[in-house]
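Subject: A structure for you to look at

Hi,

Here is the structure I promised to pass on. Please open it next to this email and follow along as you read.

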Amino acid sequence: MNEGYTSGIAKDAGTGQRHAIVLTRWNAKIVEALKEGALAELGRFGVSEKDVEVFYVPGAFELGSTAKAIALTGRFSSVICLGCVIRGDTDHYQFVAGEAARGISQASLDTGVPVIFGVLTTNTERQAEDRAGPTGNKGAEAAQTAIEMAGLMARLKKP
Ligand code: INI
């Protein structure tokens with residue numbers, strides 16, 4: 001975990017929660033590393049393997065609409081979106097990254113389910129790799145955010 005984020009969640013905070021993870025096939029090697037970070041972190045905080053479901057989409061542009069459809073099933077405490085947009089790869093970087101962020105935010109606002117933005121937006125592949133490694137893994141960070149937000153939303157729904 002990097003120094004930008006310090007989690008306040010308890011060791012067993014994920015117990016009983018159900019999380020969906022949506023992954024892009026674009027930049028698959030990096031995104032798979034984010035997935036491994038997220039899965040390990042969910043397990044570390046008590047989320048059972050059987051309570052995690054993984055979905056794939058082509059690219060980051062598709063994350064928001066898919067996250068919304070998943071959230072609307074009502075089966076998940078959160079939807080964790082993991083992807084990677086590298087500036088060097090495309091002139092339309094700004095559109096893809098911007099729409100991914102907008103769509104993910106909209107999915108959460110429309111459904112009331114926490115939809116987590118775990119999309120790397122970097123200038124180079126090297127920068128992306130640095131954020132998907134064993135330390136400072138942004139997938140792990142997204143998982144912690146998902147557990148915390150799922151707990152907060154559950155608390156707010158209690159009478
Ligand atoms: N999708 C990504 O997830 N990452 C990228 O870096 C990327 N680039 O570079 O273009 C990318 N493009 C595809 C996009 O997300 C959609 O899948 C496509 O436009 C079809 O809607």
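Below is what I found in it, from the overall picture down to single residues.

First, some ground rules. This is a predicted model, in which local features need pLDDT of at least 70 and side-chain atom pairs count only at pLDDT 80 or more, while totals for chains, interfaces and linings use all residues. Residues are numbered from 1 along each chain as its sequence is written, and side-chain values use heavy atoms, with hydrogens and water left out.

**The whole protein**

Starting at the N terminus, the order is β-α-β-α-β-α-β-α-α. The radius of gyration is 15 Å, close to the 15 Å that the globule rule gives for 159 residues, so the protein is as compact as a globular protein of that length. (That radius is taken over C-alpha atoms, and the rule is 2.2 Å times the number of residues to the power 0.38.) Of the 159 residues, 44% are buried. Here buried means under 20% relative accessible area, exposed means over 50%, and partly exposed lies in between, with a 1.4 Å probe and protein chains only.

**Strand 3**

Have a look at strand 3 (78-86). Here 9 of the 9 residues are buried, so this strand is largely enclosed by the rest of the structure. Ser-78, Ile-80, Leu-82, Cys-84 and Ile-86 point one way, Val-79, Cys-81, Gly-83 and Val-85 the other. Strand 3 pairs with strand 1 in the parallel sense over 5 bridges, and His-19 stands opposite Ser-78 there. With strand 4, strand 3 also pairs in the parallel sense, over 8 bridges, and Ile-86 stands opposite Thr-122. Two strands count as paired if DSSP finds at least two bridges between them.

**The nonpolar cores**

In soluble globular proteins, nonpolar side chains tend to be buried together. A nonpolar core is a set of buried Ala, Val, Leu, Ile, Met, Phe, Trp, Tyr and Cys residues joined through side-chain atoms within 4.5 Å. The largest one has 23 residues, and Ile-21, Ile-30, Leu-42, Ile-80, Leu-82 and Cys-84 have the most contacts inside it. Helix 1 gives the largest share of this core, 5 residues. Leu-42 touches, among others, His-19, Ile-21, Ile-80 and Ile-147, not counting residues up to four places away in sequence; a contact means heavy atoms within 4.5 Å. A second, separate core of 21 residues includes Ala-97, Ile-104, Val-113 and Val-115.

**Helix 2**

Which residues of helix 2 are buried? They are Leu-63, Gly-64, Ala-67, Ile-70 and Ala-71. These residues cover an arc of only 125° around the axis, which puts them on the same side of helix 2; the arc is that of the directions from the helix axis to the C-beta atoms. The face turned away from that buried side carries the exposed residues Ser-65 and Leu-72. Just after helix 2, Gly-74 takes a positive phi of about 75°.

Finally, find Asn-27 in the loop between strand 1 and helix 1. Its phi is near 50°, a positive value in a residue other than glycine. Asn-27 counts as buried, at 19% relative accessibility.

Enjoy exploring!

Terms used
Helices (H or I, at least four residues) and strands (E, at least two) are DSSP runs, numbered from the N terminus.
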